[in-house]
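Work through these exercises with the model open beside you. Try each task before you read its solution.

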Amino acid sequence: MKKSFGGPVISLDRADINTDEIIPAKYLTEATKEALTPYCLEDLKLEGFDPKGEKLDNATVIITRENFGCGSSREHAPWVLEVNDIHTVIAESYARIFRQNMFNCGMLAIELPKSDIDQLMLLEKDSAGTMQIDVKLDEQSIKATGSAGEATFSFEISPFDKALVEAGGWVEYADARY
Amino acid sequence: MGQTTAEKIFAAHLRDEPFAGTKVLDLDRVLCHEITTPIAIADLQWREKDRVFDNTKIKAVIDHVTPSKDSKTALQAKMLRDWARRHEIKDFFDVGRNGVCHALFPEKGFIRPGFTAIMGDSHTCTHGAFGAFAAGVGTTDLEVGILKGVCAFREPKTIRVNLTGALSKGVFAKDVILYVIGQLGVNGATDCVIEFHGPVVEAMSMDARMTLCNMAIEAGGTCGICQPDMTTVEYLWSFIQEEFASKEAALEAYQQWCADADADYVKVLDFDVSTLIPQVTYDYKPDCVKSAAELSGTPVDQVYIGTCTNGRIDDLREAAAILKGNTIADTVRGIVSPATPDIFKQALDEGLIQIFMNAGYCVTNPTCGACLGMSNGVLSEGEVCASTSNRNFNGRMGKGGMVHLMSPATAAATSITGVITDARTL
């Protein structure tokens with residue numbers, strides 16, 4: 001089933017956030033995705049970030065820098081985002097496995113150039129936590145709206161990744177085709 | 001225009017190209033362990049599709065936490081075990097016969113030049129040492145692999161790394177790959193395969209080549225690939241002698257997978273490693289690399305020798321050569337985990353285990369355990385570990401712990417002095 005995208009934002013202004021930080025290995029013994037819920041971004045090393053804070057709790061969109069999701073292949077990383085209703089990540093770039101895992105789960109890993117991410121992060125900061133992202137997958141555009149203003153950006157997505165998101169994930173897609 | 005090794009393997013395994021740039025490949029191997037597979041199994045059951053595409057091409061092992069440490073890990077092991085029995089997966093390795101996946105599966109001869117393989121484990125890139133295309137994937141890719149025997153990839157781009165000169169005494173494959181990652185950066189090879197060439201690679205054993213390819217992912221690479229040669233054939237010979245009339249015939253067949261001289265690379269890097277000295281990481285990213293000399297004197301609480309990077313027999317020999325006749329510092333806990341039962345037995349036969357134990361090391365069964373802070377050597381807040389593993393992320397070996405990556409020789413020397421030490425200075 002196709003997921004919903006967009007909503008309130010949390011900005012993680014650091015490059016190379018790895019999947020051990022998103023979900024530490026000690027939780028990989030859980031047998032369900034739902035059991036991961038309380039541990040989202042628990043080991044993230046970032047000044048001022050609180051994994052138990054209201055900001056993360058409210059967010060459904062992450063904005064971040066280069067090479068997001070590097071390291072371990074654990075799909076528990078997108079899952080812990082998914083069970084916390086975060087279906088959209090917007091970053092300068094991704095590690096390959098994490099990016100594929102996002103699309104395989106029918107979630108969105110949007111890539112934007114550094115200048116766009118700079119602008120988004122500035123708007124988020126100036127809007128004092130009120131910024132929302134609206135995703136238009138068909139038009140391949142996102143609109144950011146906050147108390148400090150609004151901005152629209154277009155993004156590229158490969159037709160395959162788009163098909164996975166439309167299908168609701170790779171299992172559905174592959175099962176229908178192979 | 002010629003082809004790279006990955007391009008040749010892709011062309012030979014192409015099942016479908018649903019969109020330009022997306023290649024769906026047939027898989028020769030789907031490798032499974034107990035951490036990332038059970039949720040795929042549970043999902044297949046929930047979908048009423050509890051089937052496997054080919055039980056001879058699926059190999060499974062319990063390796064991350066073994067023997068099970070609690071009820072949760074016991075359940076993960078049971079789910080994998082029951083599934084393997086249900087589908088008559090012959091090559092399933094349980095307690096006593098199990099070892100670290102990326103050491104065990106090559107040792108069993110499961111990986112051959114030209115093969116495609118996936119596993120729900122990022123260090124699957126290790127198997128490229130055999131001239132194969134092997135990639136780490138998530139649980140959903142693994143699930144589709146188990147069910148359909150296919151996996152989708154973007155068109156591969158290849159970075160060629162030429163390693164020239166000769167390694168000086170006391171410098172190893174681990175030092176080379178740490179140096180290369182330091183040069184490439186942690187995302188320098190994202191969406192790329194790294195092909196290793198040159199006399200330094202040609203002179204390496206398969207153990208050393210696996211160390212090299214194991215860490216391709218730490219530069220973001222999809223797979224590290226070495227060119228199949230007589231060293232590859234010799235390693236595999238006991239498994240392939242029925243297939244080929246002679247080693248020369250096997251070599252000729254396998255060399256079809258070698259990159260063409262006029263292949264197209266996105267980048268070609270030349271490193272003369274003749275002057276390379278032992279390398280160690282600092283900080284929390286594997287591309288933060290300095291020489292052991294620069295970091296010498298840094299105190300450590302634990303030394304860990306093992307893992308899919310450096311838990312093979314060459315690695316244990318290298319460490320034992322430094323430890324022989326020495327004892328470890330009072331301030332240090334030494335842990336060594338031979339990566340497979342056969343490596344363990346070989347180390348016993350060669351007297352290496354005796355050397356480790358006489359030096360004061362705890363010898364554990366083969367397991368991934370401490371590398372990712374799951375068992376058998378988890379760090380406490382503020383503790384520092386000198387480790388032969390592949391990741392120094394914040395909290396990787398235990399919340400609030402710090403990891404310095406290094407070769408088995410540097411780790412052994414560090415355990416003797418209690419501070420980071422270039423083994424050549426002992």
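A salt bridge is a side-chain nitrogen of Lys or Arg within 4 Å of a carboxyl oxygen of Asp or Glu. This is a predicted model, where local features need pLDDT of at least 70 and side-chain atom pairs count only at pLDDT 80 or more, while totals for chains, interfaces and linings use all residues. Residues are numbered from 1 along each chain as its sequence is written, chains are lettered from A and ligands numbered from 1 in the order in which they are written, and side-chain values use heavy atoms, with hydrogens and water left out.

**Exercise 1. Find the salt bridge between the two domains of chain B**.

Step 1. Domain 1 of chain B covers 5-270 and domain 2 covers 279-425. Such bounds come from an automatic or database domain assignment.

Step 2. Apply the rule across this interface. One salt bridge turns up.

Step 3. Look at B:Arg391 and B:Glu218. Their side chains meet in a salt bridge, 3.1 Å from N to O.

**Exercise 2. Describe how much domain 1 and domain 2 of chain B touch**.

Step 1. Count contacts (heavy atoms within 4.5 Å). 40 residues of domain 1 of chain B meet 40 residues of domain 2 of chain B.

Step 2. Take the buried area, meaning the accessible area (1.4 Å probe) that two parts lose on being put together, summed over both. For these two domains of chain B the value is about 3000 Å², with 58% from carbon and sulfur atoms.

Step 3. B:Val100, B:Lys174 and B:Leu178 supply 19% of the area that domain 1 of chain B buries against domain 2 of chain B, more than any other three residues.

**Exercise 3. Now describe the interface of chain A and chain B**.

Step 1. Take the area. The two chains bury about 4100 Å² between them, and 55% of that lies on carbon and sulfur atoms. A:Thr29, A:Arg96 and A:Tyr178 supply 18% of the area that chain A buries against chain B, more than any other three residues.

Step 2. Look for salt bridges. The rule finds 11 between chain A and chain B. One of them joins B:Lys148 to A:Asp175, with the closest N and O atoms 3.3 Å apart.
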